[in-house]
Amino acid sequence: MAEARRGPRERMVFSAAQLIRRDGVTATGMREVAAHAGAPRGSLQHYFPGGKEQLVNEAVDWAGRYAGKRIARFLAGLDEPRPSSLFAAMVAQWTDEYAADGFAAGCPVAAATVDCASAGTSTREAVAAAFATWRGPLAEALTGMGVPLARAESLATLMISTLEGAIILARAEQDVRPLETVVRELGPLLDAAATPTG
């Protein structure tokens, strides 16, 4: 969705996701979100009567939907659709970002998980739903590549978990090596799951 076509509400949700991925939930204030979005501060209460929790939940939902939709784009760009090449494309999004912009930002869903999962708020449910929204299209893509249905969701969980962990390590080390390592090490296992036996 082009920036010019976003209304103030959509801009604030997008901005919240961007600020959360950089600063975390706790450090992301409503005023900062409005300023980042170029929206009037008074519009926050209008669009988000549930306050910061509502805004965070919607930002997390947006991020989950974005990640889920990216799977189709990654697939479309593959010369040879294999589970390993799909995973490599998912990881390349991050290695490319870190090469271009540094290591300041991570996944907003992971950031919200770290900040809010133990709080027992609706945000924990929102992050669980966001990961499910991402996992579903990924499992479907794996099934389309010959991974048995019974295994596809497990491997989708493994791929997302591995990617999220590698992002954290890359940011901590200020180095893309953890991302490169997971592509190299997980790729053969993923492809083996799509290989018919016997």
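## The largest pocket

Helix 4 (51–76) gives the lining of the largest pocket its largest share, six residues. Helix 1, helix 5 and helix 6 (108–116) also put in at least two residues each. Helices here are DSSP runs of H or I with at least four residues, numbered from the N terminus. Keep in mind that this is a predicted model, where local features need pLDDT of at least 70, side-chain atom pairs count only at pLDDT 80 or more, and totals for chains, interfaces and linings use all residues. Residues are numbered from 1 along each chain as its sequence is written, and side-chain values use heavy atoms, with hydrogens and water left out.

The lining takes in 18 residues, and Ala 63, Tyr 66, Gln 93, Trp 94 and Pro 108 are the ones nearest the centre. Split by class, the lining has 13 nonpolar, two polar and three charged residues. (Ala, Val, Leu, Ile, Met, Phe, Trp, Tyr, Cys and Pro count as nonpolar, Asp, Glu, Lys and Arg as charged, and the others, Gly among them, as polar.) The space inside comes to about 330 Å³, a volume being what is filled by probe spheres set on the grid points, which are joined across faces, edges and corners. A pocket is an open set of points on a 1 Å grid over the protein atoms alone, where a 1.4 Å probe fits, with protein on both sides within 12 Å along at least five of seven lines; lining residues have an atom within 4 Å of a point.

Tyr 98 sits in helix 5 (residues 83–101). Tyr 98 counts as buried because its relative accessibility is 3% (buried is under 20%, exposed over 50%, partly exposed in between, with a 1.4 Å probe and protein chains only). Leaving out residues up to four places away in sequence, Tyr 98 touches Phe 103, Ala 105, Gly 106, Ile 167, Ala 170, Arg 171, Val 176 and Leu 179, where contact means heavy atoms within 4.5 Å. Gln 174 is 76 residues away along the chain, yet its C-alpha is 8.7 Å from that of Tyr 98.

Ala 88 is in helix 5 too, but at 26% relative accessibility it is partly exposed. From Ala 88 to Arg 184 it's 96 residues in sequence and 8.6 Å in space, C-alpha to C-alpha.

## Helix 1 against helix 2

Helix 1 (residues 8–23) packs on helix 2 (residues 30–37) at about 115°, axes 8 Å apart. (Axes are lines fitted to C-alpha atoms over the stretch in contact, and angles run from 0 to 180 degrees between N-to-C directions.) Helix 1 brings Arg 11, Met 12, Ser 15, Ala 16, Gln 18 and Leu 19 to the contact, and helix 2 brings Glu 32, Val 33, His 36 and Ala 37. That makes five nonpolar, three polar and two charged residues.
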